[in-house]
Amino acid sequence: YLGYNYGRYWGNDMVTEGNFVSPSLFSNYNALNGFSVKGVMKINELYSLGLGYNHSWASDWELTGYTDYSNSSFEQNSLSPTFQFHNKFTKKGIFNNLKLFAEIAPVFGISRLSLQNSIFEIYSGSDSISGPLVSDFFSIGLKTGAGLEMSFNQVFGVFISYTYIITLSESAFFNEKHYSCSFFNLGLMIKLKKDKLFFD
């Protein structure tokens, strides 16, 4: 599967941690896009196993009255060992070239947050120095999704799906301990080994 992903982050504009309230990094991004590559192998009539790679990027951070993360960008590369449940293949009829599926997968990601302006001030004596502008960190999460794929012939097809991801991560650059997002995914499916299709 080769896909383009369009999504959004979920959550409140502000994050509360004890008595400290600060702008949310993730939920104030207006643009979240990505692409994905995934391969699956059918285990039996109802189950498949696979591995997916996803690259996503977020931009256009905006919150009225705050400039903490203005002009920042967030990128993530992640791997997802995938368990897929799907309907049975049939020799004729709609399920000869249409597959409905649901998926669940752990997510292991490496992320990079790049700031335009530092959110830290480091003091040394009477002088202040701007803090770092880039943070790299590891994250883990869980992804669930559902969709359908339609075969045009023995080799090619298209797919569309919806994915929801919740991720645990930690960085000194933001106060969220976890964040969630969702994607609509659309793309091309290529069959390297396939069931024989019958078209009326």
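Author: To sort the residues that line a space, Ala, Val, Leu, Ile, Met, Phe, Trp, Tyr, Cys and Pro are counted as nonpolar, Asp, Glu, Lys and Arg as charged, and the others, Gly among them, as polar. The model is predicted, with local features needing pLDDT of at least 70 and side-chain atom pairs pLDDT 80 or more, while totals for chains, interfaces and linings use all residues. Residues are numbered from 1 along each chain as its sequence is written, and side-chain values use heavy atoms, without hydrogens and water.

On a 1 Å grid over the protein atoms alone, a cavity is a set of points where a 1.4 Å probe fits but cannot get out, and a pocket is an open set with protein on both sides within 12 Å along at least five of seven lines; lining residues have an atom within 4 Å of a point. Grid points are joined across faces, edges and corners, and the volume is the space filled by probe spheres set on them.

The second largest pocket holds about 260 Å³ of space, and 14 residues line it, those closest to its centre being Gly11, Asn12, Val15, Glu176 and His178. Its lining divides into 5 nonpolar, 7 polar and 2 charged residues. Strands (DSSP runs of E, at least two residues, numbered from the N terminus) take part as well, since strand E2 (14-17) and strand E12 (178-190) each give at least two residues to this lining.

E12 leads on to strand E1, residues 2-10, with which it pairs in the antiparallel sense over 9 bridges; two strands count as paired if DSSP finds at least two bridges between them. Within this pairing, Asn5 has Asn185 of E12 as its bridge partner. E1 also pairs in the antiparallel sense with strand E4 (residues 29-42), here over 6 bridges, and Tyr6 stands opposite Asn33 of E4. Buried here means under 20% relative accessible area, exposed over 50%, and partly exposed in between, with a 1.4 Å probe and protein chains only.

The structure holds 1 cavity of 30 Å³ or more, and the largest cavity has a volume of about 350 Å³. Of its 29 lining residues, Ser36, Asn54, Lys143, Thr163 and Asn185 are the closest to its centre. Two or more lining residues come from each of E4, E5, E6, E7, E10, strand E11 (156-169) and E12, and E11 supplies the largest share, 6 residues. By class, this lining has 12 nonpolar, 14 polar and 3 charged residues.

Arg112 is partly exposed, at 41% relative accessibility, and Asp136 is partly exposed at 46%.

How values were computed: Helices (H or I, at least four residues) and strands (E, at least two) are DSSP runs, numbered from the N terminus.
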